[in-house]
Amino acid sequence: MGDFSMQSLANAVWAFAIVGWSEVLLFAVIRKALEQRMSDFNVQNLANTAWAFATLGQPDAQLFTALAKDAKRRV
């Protein structure tokens, strides 16, 4: 995941959600990358990622809390 820009990572998660593909292990790796590089996200990346995880039924309280904190900081 280190080779992905945050835009690319958000786009990939969004694309998986559009087609309804939810691989648990892949999303676990994505979660870790997101948590490590959250500050690199722009607001559109934050929104798309939250939508994708929710749409795919990938609830993660820690991730959603981190997304919410980062979004709140930017408002």
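W21 is partly exposed, with a relative accessible area of 40%. The model shown here is predicted. W21 belongs to a nonpolar surface patch, together with W14, I18, V19 and W51.

**The nonpolar patch**
- The patch covers about 550 Å² of surface.
- Helix α1, residues 6-19, gives the patch its largest share, with 3 residues.
- W21 sits in the loop between α1 and α2, and α2 spans residues 24-37.
- Why does W21 count as partly exposed? Its relative accessible area is 40%, and partly exposed means between the 20% cut-off for buried and the 50% cut-off for exposed.

**The fold**
- Read from the N terminus, the elements run α-α-α-α.
- Among contacts between residues at least 6 apart in sequence, 72% join residues at least 24 apart.

**Overall shape**
- What radius of gyration does the protein have? The value is 11 Å.
- A compact globule of 75 residues would have a radius of gyration near 11 Å, so the protein agrees with that expectation.
- The C-alpha trace spans about 30 × 25 × 20 Å along its principal axes.

**Surface and interior**
- Of the 75 residues, 32% count as buried.
- The protein has an accessible surface of about 4500 Å².
- Carbon and sulfur atoms account for 59% of that surface.

Definitions and conventions: Residues are numbered from 1 along each chain as its sequence is written. This is a predicted model: local features need pLDDT of at least 70, side-chain atom pairs count only at pLDDT 80 or more; totals for chains, interfaces and linings use all residues. Side-chain values use heavy atoms; hydrogens and water are left out. Patches are made of residues with over 30% relative accessible area and no salt bridge: like charges are joined within 9 Å, nonpolar side chains (Val, Leu, Ile, Met, Phe, Trp, Tyr) within 5 Å. Accessible areas come from the Shrake-Rupley method with a 1.4 Å probe; for residues, only the protein chains shown count as cover. A salt bridge is a side-chain nitrogen of Lys or Arg within 4 Å of a carboxyl oxygen of Asp or Glu. Helices (H or I, at least four residues) and strands (E, at least two) are DSSP runs, numbered from the N terminus. Buried means under 20% relative accessible area, exposed over 50%, partly exposed in between (1.4 Å probe, protein chains only). The radius of gyration is taken over C-alpha atoms; the globule rule is 2.2 Å times the number of residues to the power 0.38. Contact means heavy atoms within 4.5 Å.
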